[in-house]
Amino acid sequence: MGILNDDAVVIKEAETAGDNTLITVNCPDKTGLGCDVCRIILLFGLSIARGDVSTDGKWCYLVFWVVGKPTTRWYLLRERLLEVCPPCTLTLSEIYYFRPEFQQPKPPKVFLLKFWCTFDRKGLLHDVTKVLCALELTVKRVKVFTAPDGRVMDLLFVTDTRELLHTKKRQEETKSQLNAMLGDSMISFEIELAGPGATSNPQGSAFLPPAIADGMFGLELSGTHKRGALASDHVSVTVDNQLSHSHTVVHIVCRDHKGLIYDIMRTLKDYNIQTSYGRFSCKAKENFEVDLFIMQVDGKKIVDLEKQNVLCSRLRMELVRPLRVEVMSRGPDTELLVANPVELAGRGRPLVFYDITLAITSLNIRIFSVEIARHMIDDREWEVYRVLLDEGDSALVPRSMIKECVVKNLMGWL
């Protein structure tokens, strides 16, 4: 029988404005738990101001001080955090801790949301995305078409965090929320279980031209990093094997950005590295400092210099450019491309589409069409968003400004 203590997740909300909300997680350990927790915190639009994590390999204790929002649904956040906390099993007065074979949940069902609207207005897609986020529906793929007469058809492939979208009640709730936002402009609305092609072929139909791949990922593949206002400069990653007799110590100093701790934790999770102790906090001038005591899955330090260099290089790369953003020509039109790495567990970065649509809306540009697909680039899977912008609107805004606005929204540098 799976047992999860009521105190496994405790949230103490800030008592006064300007204070941080305290989140504690106290449960059996598993590889990648820190990544899963940080991903949920990011999914709720929260930023981590500082934190402490510790584990003995069986039981862990995570503490995060987060910057909340007036609209944060703390009760829902607690539920989502409890879902990723592994239970322990009580048998014959012995506790058998979480086993690795139970770490990966079954992939959620994908549903197709299809609706027609009488007209396409600026910010429409962002408003739809905002409603879906509030409903805890995750957008996996999007197709948006604007007809010559101004009508717009949206095809959204989504998964439901609550796993209830197959029920009539949940479908009516979704339709009601979208209808309240769209009003009389909604012509029709349908929800159906997506066909096998939507889940078995995550690569989609879109082909990523080599020129685009070289432009967005060439610097990464060559081992160099682009510096400038749109990248997180001055990333320092050092390794120390003398400070601890049982752990390798990794020290990181970098500019803070949205999802910073998640980017670090997902990298360690993908390399199957365990964090026994960690402390991180935001210092002066928006710099973030992180100290991690880590070890390999076999419980040993990382003494191989090549492994150390590979890990440090990957961490630097993920912190310099956690996402890729380019704005380029697609015939006479302007196309925005955003790519983020997919975890080995198969999950992409949360809220990327929300941030993209928010940035485009703030520039007063209409979105003509969108495609989201998975691509394998140099043996690594990426989630690529291809956004075709309205020709008339985008012509009035410099491409450099579009790129800067999107990057700042994605990185939280507003």
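Reply: Let's start inside helix α2, where Trp74, Leu76, Leu77, Arg80, Leu81, Leu82 and Val84 are buried. Buried means under 20% relative accessible area, exposed means over 50%, and partly exposed is in between, using a 1.4 Å probe and protein chains only. Helices (H or I, at least four residues) and strands (E, at least two) are DSSP runs, numbered from the N terminus. An α-helix has 3.6 residues a turn, so residues three or four places apart point the same way.

Before going further, a word on the source: this is a predicted model, in which local features need pLDDT of at least 70 and side-chain atom pairs count only at pLDDT 80 or more, while totals for chains, interfaces and linings use all residues. Residues are numbered from 1 along each chain as its sequence is written, and side-chain values use heavy atoms, with hydrogens and water left out.

What covers the buried residues of α2? The cover includes β2, β3, α1 and β5. Contact here means heavy atoms within 4.5 Å.

Now for the sheet itself. It is an open sheet of 8 strands with antiparallel pairing, in the order β2-β3-β5-β4-β14-β15-β13-β12. Two strands pair if DSSP finds at least two bridges between them. At the edges stand β2 (9-12) and β12 (236-240), each with a single partner strand, so one side of each has no neighbour in the sheet. From one strand to the next, the twist averages 15 degrees. Angles run from 0 to 180 degrees between N-to-C directions, and axes are lines fitted to C-alpha atoms, for helices over the stretch in contact.

Let's zoom in on two neighbours. Strand β3 (residues 21-28) runs antiparallel to β5, and 8 bridges join them. Within this pairing, Val25 stands opposite Leu62 in β5. Helix α2 (residues 74-84) packs on the sheet and touches β2, β3 and β5, with its direction at about 155 degrees to that of β2. Helix α1 (residues 33-43) lies across β3, β4 (47-55) and β5, running at about 25 degrees to β5.

Rings of Phe, Tyr and Trp (its six-membered ring) pair if their centres lie within 6.5 Å; planes under 30 degrees apart count as stacked, over 60 as edge-to-face and the rest as tilted. By this rule the model has 4 aromatic pairs. One of them is the tilted pair of Phe64 and Phe280, 6.0 Å centre to centre with 35 degrees between the planes. Phe64 belongs to strand β5 (residues 59-67) and Phe280 to strand β14 (residues 274-282), so this pair ties together parts that are 216 residues apart in sequence. Phe64 is buried at 1% relative accessibility, and Phe280 is buried at 2%.

Strand β14 brings in another pair. The ring centres of Tyr277 and Phe293 are 5.9 Å apart and their planes are at 65 degrees, so this pair is edge-to-face. Tyr277 lies in β14 and Phe293 in strand β15 (residues 287-295), so the parts tied together here are 16 residues apart in sequence. Tyr277 counts as partly exposed, at 29% relative accessibility.

Rings can also have a charge above them. A charge sits over a ring if NZ of Lys or CZ of Arg is within 6 Å of the ring centre and within 35 degrees of the ring normal. The charged end of Arg50 sits over the ring of Trp65, 3.8 Å from its centre. Likewise, the charged end of Arg151 sits over the ring of Trp116, 4.8 Å from its centre.

Strand β17 (residues 333-341) and strand β19 (residues 380-389) run antiparallel and are joined by 8 bridges. There, Leu337 stands opposite Arg386 in β19.
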